[in-house]
Amino acid sequence: MAEDGQIISCETVASWNEQLHTIKASKKLVVVNFTASWCGPSRSMIPILVELAKKLPDVIFFKVDVDDLKTATRDFDVQALPTFILLKQGNIVDKVVGARKDELQQKITLHTSKV
């Protein structure tokens, strides 16, 4: 597990499967960023996610490259990049499609304020 303020990168199926156990067990909000190195909008969100991870230690951030983890991409029905899936205890509670910084921040705030 990464320290607070970091984004955990899942680059293999094994690491993703291992992290899924953490995601399901955690009571914290989990934000999974489905991204690709060739996607400009995805790259534009990286500094925003880094800043959010630093400001929000009670939220766990993951990064999944769609080219590396096609099964995870398919399992979460990712159709466009970037896609942010918000989870609590392994259940999807929200989704943001596109480089929508303000919408992402609003949804994270909404779901971290719920007990």
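A search of the whole structure, which is a predicted model, finds two aromatic pairs, where rings of Phe, Tyr and Trp (its six-membered ring) pair if their centres lie within 6.5 Å, with planes under 30 degrees apart counted as stacked, over 60 as edge-to-face and the rest as tilted.

| Pair | Centre to centre | Angle between planes | Class |
|---|---|---|---|
| W16 and F76 | 6.1 Å | 80 degrees | edge-to-face |
| F34 and F76 | 5.7 Å | 45 degrees | tilted |

The pair of W16 and F76 links helix α1 (residues 13-25) with the loop between α3 (70-75) and β4 (83-88), 60 residues apart, while the pair of F34 and F76 links strand β2 (residues 29-35) with that loop between α3 and β4, 42 residues apart; helices (H or I, at least four residues) and strands (E, at least two) are DSSP runs, numbered from the N terminus. W16 counts as buried because its relative accessibility is 3%, and F76 counts as buried because its value is 14%, where buried means under 20% relative accessible area, exposed over 50% and partly exposed in between (1.4 Å probe, protein chains only). F34 is buried as well.

Elsewhere, the axes of helix α2 (residues 40-55) and helix α4 (residues 101-113) come within 11 Å and cross at roughly 25 degrees, the axes being lines fitted to C-alpha atoms over the stretch in contact, with angles from 0 to 180 degrees between N-to-C directions. Helices α2 and α4 are therefore roughly parallel to each other (under 35 degrees; over 145 is roughly antiparallel, 65 to 115 roughly perpendicular and the rest oblique). The contact (heavy atoms within 4.5 Å) is made by M45, I48, L49, L52 and K55 of α2 and by K101, L104, Q105 and I108 of α4.

Residues are numbered from 1 along each chain as its sequence is written. Local features need pLDDT of at least 70 and side-chain atom pairs count only at pLDDT 80 or more, whereas totals for chains, interfaces and linings use all residues, and side-chain values use heavy atoms, with hydrogens and water left out.
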